[in-house]
Amino acid sequence: MTIDELRARAAQRQQACDQIKKMIVNRLDLEIEPNWITDDQPLFGRGLELDSLDILELYVAIEAEFGVALYDSEMAVFGSVSRLAETIKPELRAAAAV
């Protein structure tokens, strides 16, 4: 893999994470800027402190915006923005393994 391919994959990953951060802030009416959320920041607990109602709203938002259906068994994907990006865009997961 060339350096240009690596840069392109990194840019694609960052774009997906930025899109997810904006969706989270907009759909949940958070009073923060999307860029304040880090890619690996926990969404529950000490992170963004989201609750179960917020997650339900994100289920709906992800399906509407990205066309990806998530299920109760996939709650771990809400661990961080990065995990969400890898689930919503599986090609990012393959790129991370390279």
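D29 is found in the loop between α1 and α2, where helices (H or I, at least four residues) are DSSP runs numbered from the N terminus. The phi angle of D29 is near 50 degrees, a positive value in a residue other than glycine. With a relative accessible area of 64%, D29 is exposed; the classes are buried under 20% relative accessible area, exposed over 50% and partly exposed in between, with a 1.4 Å probe and protein chains only. E49 lies in the loop between α1 and α2. E49 has a positive phi of about 60 degrees although it is not a glycine, and at 59% relative accessibility E49 counts as exposed.

The model is predicted: local features need pLDDT of at least 70, side-chain atom pairs count only at pLDDT 80 or more, and totals for chains, interfaces and linings use all residues. Residues are numbered from 1 along each chain as its sequence is written, and side-chain values use heavy atoms, with hydrogens and water left out.

**Packing of α1 and α2**

Two packed helices are described by the angle between their axes and the distance between the axes. Helix α1 spans residues 3-27 and helix α2 residues 52-66; their axes come within 11 Å and cross at roughly 130 degrees. Axes here are lines fitted to C-alpha atoms over the stretch in contact, and angles run from 0 to 180 degrees between N-to-C directions. The helices α1 and α2 are therefore oblique to each other; under 35 degrees counts as roughly parallel, over 145 as roughly antiparallel, 65 to 115 as roughly perpendicular and the rest as oblique. The crossing of α1 and α2 is right-handed, meaning that the near helix is turned clockwise from the far one by less than a right angle.

On the α1 side, the residues in contact (heavy atoms within 4.5 Å) are Q19, I20, M23, I24 and R27; they meet E57, L58, V60, A61, I62, E65 and F66 in α2. By class, this contact has 8 nonpolar, 1 polar and 3 charged residues. Ala, Val, Leu, Ile, Met, Phe, Trp, Tyr, Cys and Pro count as nonpolar, Asp, Glu, Lys and Arg as charged, and the others, Gly among them, as polar.

Helix α3 covers residues 81-88 and is mostly covered, with 7 of its 8 residues buried. These are V81, S82, L84, A85, E86, T87 and I88. S82 has a relative accessibility of 9% and counts as buried. Residues up to four places away in sequence aside, S82 touches R13, C17, D39 and D40. From S82 to Q15 the separation is 67 residues in sequence and 11 Å in space, C-alpha to C-alpha.

S80 is found in the loop between α2 and α3 and, at 6% relative accessibility, counts as buried. Leaving aside neighbours within four places in sequence, S80 is in contact with D39, D40, Q41 and L43.

T38 is in the loop between α1 and α2 and counts as partly exposed at 44% relative accessibility. Beyond four places in sequence, T38 touches K21 and V81. T38 and I3 are 35 residues apart in sequence and 24 Å apart in space, C-alpha to C-alpha.

| Side chain | Backbone nitrogen | Distance |
|---|---|---|
| S80 | R83 | 3.2 Å |
| T38 | Q41 | 3.1 Å |

Definitions and conventions:
Helix = DSSP H or I, 4+ residues; strand = E, 2+ residues; numbered from the N terminus. Polar contact = N/O pair within 3.5 Å; in protein donor to acceptor, adjacent residues only side chain to side chain.
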